Amino acid sequence: MSQGLVSVVMGTYDPDCGKLKKSVESIIAQTYENWELCLSDGSGKDSPIRKILEEYQKKDSRIRVV
């Protein structure tokens, strides 16, 4: 039986970097593998948060930053 896709949507705006990383790492660590994480960043393209999110996106194809 195939697993259905689970979409996780997370909005960010000037979050605590530690808490943000912990949240994303928690999703990555799940045993259920058929998921996608859509991160909506309101901090702006030049923010350090955006750079962190884009690094996660590069590491895992299930992560998208919008």
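Tutor: A salt bridge here is a side-chain nitrogen of Lys or Arg within 4 Å of a carboxyl oxygen of Asp or Glu. Keep in mind that this is a predicted model. With that cut-off, arginine 50 and glutamate 54 qualify, their side chains meeting at 3.1 Å, N to O. Both belong to helix H2, which covers residues 48–59, and they sit four residues apart, about one turn of the helix.

Searching the whole structure turns up four salt bridges, so let's move on to others among them. Aspartate 60 pairs with arginine 62, and the closest N and O atoms there are 2.9 Å apart. Aspartate 60 counts as buried, at 12% relative accessibility, while arginine 62 comes out partly exposed at 25%.

Then there's arginine 64 with glutamate 36, where the closest N and O atoms lie 3.8 Å apart. Arginine 64 is in strand S3 (residues 63–65) and glutamate 36 is in strand S2 (residues 35–41), so this pair ties together parts that are 28 residues apart in sequence. As for its setting, arginine 64 is partly exposed, with a relative accessible area of 41%. The general idea behind such contacts is simple: side chains of opposite charge can pair when their charged atoms come close.

Note on methods: Residues numbered from 1 in each chain as written. Predicted model: local features only at pLDDT ≥ 70, side-chain atom pairs only at ≥ 80, totals over all residues. Heavy atoms only, no water. Helix = DSSP H or I, 4+ residues; strand = E, 2+ residues; numbered from the N terminus. Buried < 20%, exposed > 50% of the residue type's maximum accessible area, 1.4 Å probe, protein only.
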